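Here is a short briefing to read with the model open beside you.

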Amino acid sequence: LKGPAGHTEVVVSVAFSGNGKRAITSSLDGTSKVWDLESGTVVWTLPGKHCAALSFDGRLAITTSLNDRTWLYDVESRTNLRRWEASDGDYNMGCAALSPDGTRAIVALRGDLAELWDVNARKTVGYWQHDSIHIPRVMFSGDGQRAIVQITTESYNGAAYVWDLKGGWGVKIARHFNHNRVRAVNLSPAGDLAITAAEQGGAGVSL
């Protein structure tokens with residue numbers, strides 16, 4: 001994915017669509033690009049320089065700026081379906097994710113609050129909140145029934161929570177103290193296993 005259509009600054013996020021036909025990249029040049037993997041060409045260039053994701057079929061894309069905006073797009077019709085903006089001067093919006101079937105989105109609205117958004121109904125259907133200062137990563141399980149939320153606390157400890165999307169509050173699965181904060185998280189396709197990795201070599205798998 002190189003050439004004149006590529007990014008001009010460091011790429012900080014990459015993701016495939018579930019069907020393997022498209023990919024999305026985000027860069028510090030302020031853009032996110034949706035790629036057709038068969039031709040290696042850019043389908044569409046969007047705003048966003050932090051994290052980005054595609055629905056399974058690559059039709060929907062979600063992108064975020066570093067602190068204050070998140071966008072949801074229909075790539076096929078090239079339309080903006082929703083834009084979230086930081087409110088009350090809280091410029092600490094985190095990451096965002098799309099469910100594999102593209103029907104729901106999770107958006108970190110603030111350092112302590114994430115929203116579950118119904119794409120088809122275009123309304124909020126749930127919140128996840130915690131005493132944290134930043135949400136650097138969120139992601140759905142492969143079946144879309146659970147999500148994992150990675151947080152950073154005020155003392156820069158880290159934790160990861162599994163969120164049952166049918167029920168509200170999630171279950172804490174890992175926490176590392178003494179600044180050994182969680183740096184990466186992932187969920188199994190069924191959402192029954194979570195893996196976390198922390199600074200200074202810590203890692204763990206939880207049920």
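Does E115 count as buried or exposed? With a relative accessibility of 4%, E115 counts as buried, where buried means under 20% relative accessible area, exposed means over 50% and partly exposed lies in between (1.4 Å probe, protein chains only). Please keep in mind that this is a predicted model, in which local features need pLDDT of at least 70 and side-chain atom pairs count only at pLDDT 80 or more, while totals for chains, interfaces and linings use all residues. Residues are numbered from 1 along each chain as its sequence is written, and side-chain values use heavy atoms, with hydrogens and water left out.

**Salt bridges**

- A search of the whole structure turns up 5 salt bridges, each defined as a side-chain nitrogen of Lys or Arg within 4 Å of a carboxyl oxygen of Asp or Glu.
- One of them links E115 to R82, with 3.9 Å between the closest N and O atoms.
- Because E115 sits in strand β11 and R82 in strand β8 (residues 79–85), this pair ties together parts that are 33 residues apart in sequence. Strands here are DSSP runs (E, at least two residues), and they are numbered from the N terminus.
- R82 is partly exposed, at 22% relative accessible area.
- E85 forms a salt bridge with R83, and their closest N and O atoms are 2.6 Å apart. Both residues are partly exposed: E85 has a relative accessible area of 41%, and R83 has 45%.
- R110 pairs with D112 in a salt bridge whose closest N and O atoms are 3.0 Å apart. R110 counts as partly exposed, at 27% relative accessibility.
- As background, side chains of opposite charge can pair when their charged atoms come close.

**Strand β10 and its partners**

- In β10, 6 of the 7 residues are buried, so this strand is largely enclosed by the rest of the structure.
- On one hand, β10 pairs with strand β9 (residues 96–98) in the antiparallel sense over 3 bridges; strands count as paired if DSSP finds at least two bridges between them. L98 has A105 in β10 as its bridge partner.
- The β9–β10 hairpin has 5 residues between its strands, and G102 in the turn has a positive phi of about 75°.
- On the other hand, β10 pairs with β11, again in the antiparallel sense, over 6 bridges. Here A108 has A114 in β11 as its bridge partner, and a hairpin joins the two strands through 2 residues.

**The open sheet**

- An open sheet is formed by 4 strands in the order β1-β2-β3-β4, with antiparallel pairing.
- β1 and β4 (41–47) stand at the edges with a single partner strand each, so one side of each is left without a neighbour in the sheet.
- From one strand to the next, the twist averages 20°, using axes that are lines fitted to C-alpha atoms and angles that run from 0 to 180 degrees between N-to-C directions.
- Strand β2 (residues 22–27) and strand β3 (residues 31–36) run antiparallel and are joined by 5 bridges. S26 has S32 in β3 as its bridge partner.

**Nonpolar cores**

- The largest nonpolar core has 16 residues, of which I106, W128, I135, V149, I151, W163 and L165 touch the most other members. Such a core is a set of buried Ala, Val, Leu, Ile, Met, Phe, Trp, Tyr and Cys residues joined through side-chain atoms within 4.5 Å.
- Two or more residues of this core come from each of β10 (104–110), β11 (113–118), β13 (134–140), β14 (146–152) and β15 (158–164).
- There is also a second, separate core of 15 residues, with I62, M93, A105 and L109 among them.

**Surface and loops**

- V10, V12 and L28 form a nonpolar patch on the surface, with about 260 Å² of accessible area together. Patch residues have over 30% relative accessible area and no salt bridge, and nonpolar side chains (Val, Leu, Ile, Met, Phe, Trp, Tyr) are joined within 5 Å; areas come from the Shrake-Rupley method with a 1.4 Å probe.
- V10 is found in the segment before β1 (11–16).
- R78, in the loop between β7 (69–74) and β8, has a positive phi near 55° although this residue is not a glycine. R78 is partly exposed, at 48% relative accessible area.
- R122, in the loop between β11 and β12 (123–129), also has a positive phi, near 55°, in a residue other than glycine.

Methods. Patch = residues over 30% accessible without salt bridge, like charges linked within 9 Å, V, L, I, M, F, W, Y side chains within 5 Å.
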